[in-house]
Amino acid sequence: MGMPNKGKSWYDITVKGKSRHAYDLPVLFSRMLGTTCRSRPILKLSDSEKTDAKKMLQSLGMILEDSKSLESFIALFVGGHLDKRCPLPFWQRLILRLEEEGIKHVVFLGPEEFRLAKPLQDTLDTCIHGSLCQPRPLRQFVAMLSHAKLLITPDSGPMHIAIALDKPTITLARSHKSDKFLLEDTMNFVLRDMSIGTVLEKTVTLLKNLEYEVV
């Protein structure tokens, strides 16, 4: 079972239809099987994974004083592939603006971003609302992300993970090569304007819509 390539097909079942977005393929395949599926990935976590992630976030300072409740926070992922990445100064300026707004945030590093750890930590050391999370095993990272109010990220694997978790996203699109992977709807926004003011404005608006509060 498969889709033709350049008009040629080698499959017993030829899947018909055009795929304009990466998420279109499962829908086309399921239609040929006489069933339906949602037009985005899906990812489930166990209760124990969520509980363990909550403890990890609390160790990063995302906890209310005199309480065991987890603080509301947003997630920033600073990775991405090649020209899809945002430069380090962009993230440092955004962190400082989030600090000014009093928005709790966790900056997540992937295994390829370890060189950014020190300069980002130096910036966060001047803040009281932000924390840095070093690279974690994938399932741990996913579980921690599941507690965030929203994710700010370039086109990246974590962007798709957040969408699979039904988490709102603000995706910073730096390349048109990303277009077929980006999702735009009422809870997922794509920004091509890399100005800090625009990103912060969209973040504040989305948080208000989400009734930003303690979870």
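Modeller: A residue is buried if its relative accessible area is under 20%, exposed if over 50%, and partly exposed in between (1.4 Å probe, protein chains only). The model is predicted, so local features need pLDDT of at least 70 and side-chain atom pairs pLDDT 80 or more, while totals for chains, interfaces and linings use all residues. Residues are numbered from 1 along each chain as its sequence is written, and side-chain values use heavy atoms, leaving out hydrogens and water.

I will take the aromatic rings and what lies around them. A pair of aromatic rings is described by the distance of the centres and the angle of the planes. Rings of Phe, Tyr and Trp (its six-membered ring) pair if their centres lie within 6.5 Å; planes under 30 degrees apart are stacked, over 60 edge-to-face, and the rest tilted.

The whole structure holds three aromatic pairs. One joins Phe90 and Trp91: the centres are 5.2 Å apart and the planes stand at 80°, so this pair is edge-to-face. Phe90 has 3% relative accessibility, so it counts as buried. Trp91 has 1%, so it is buried too.

Another pair is Phe108 with Phe141, also edge-to-face, at 5.3 Å centre to centre with 80° between the planes. It links distant parts of the chain: Phe108 sits in strand S2 (residues 105–108) and Phe141 in helix H5, 33 residues apart. Helices (H or I, at least four residues) and strands (E, at least two) are DSSP runs, numbered from the N terminus. Both Phe108 and Phe141 are buried. Ring pairs also bring in Phe77, giving a cluster of Phe77, Phe108 and Phe141.

H5 (residues 138–145) and H6 (residues 157–164) have axes that come within 10 Å and cross at roughly 55°. Axes are lines fitted to C-alpha atoms, for helices over the stretch in contact, and angles run from 0 to 180 degrees between N-to-C directions. H5 and H6 are therefore oblique to each other. Angles under 35 degrees are roughly parallel, over 145 roughly antiparallel, 65 to 115 roughly perpendicular, and the rest oblique.

Which residues in H5 and H6 meet? From H5 come Leu138, Phe141, Val142 and Leu145; from H6 come Pro158, Ile161 and Ala162. By class, this contact has seven nonpolar, no polar and no charged residues. Ala, Val, Leu, Ile, Met, Phe, Trp, Tyr, Cys and Pro are nonpolar, Asp, Glu, Lys and Arg charged, and the others, Gly among them, polar.

Past H6 comes a loop. Asp166 is in the loop between H6 and S5. Its phi is positive, about 60°, although Asp166 is not a glycine. Most residues other than glycine have a negative phi.

Then comes strand S5 (residues 169–172), which holds Leu172. Leu172 has 0% relative accessibility, so it counts as buried. Beyond its neighbours within four places in sequence, its contacts (heavy atoms within 4.5 Å) include Phe90 and Trp91, along with Cys86, Ile152 and Met194. That takes us back to the ring pair of Phe90 and Trp91.
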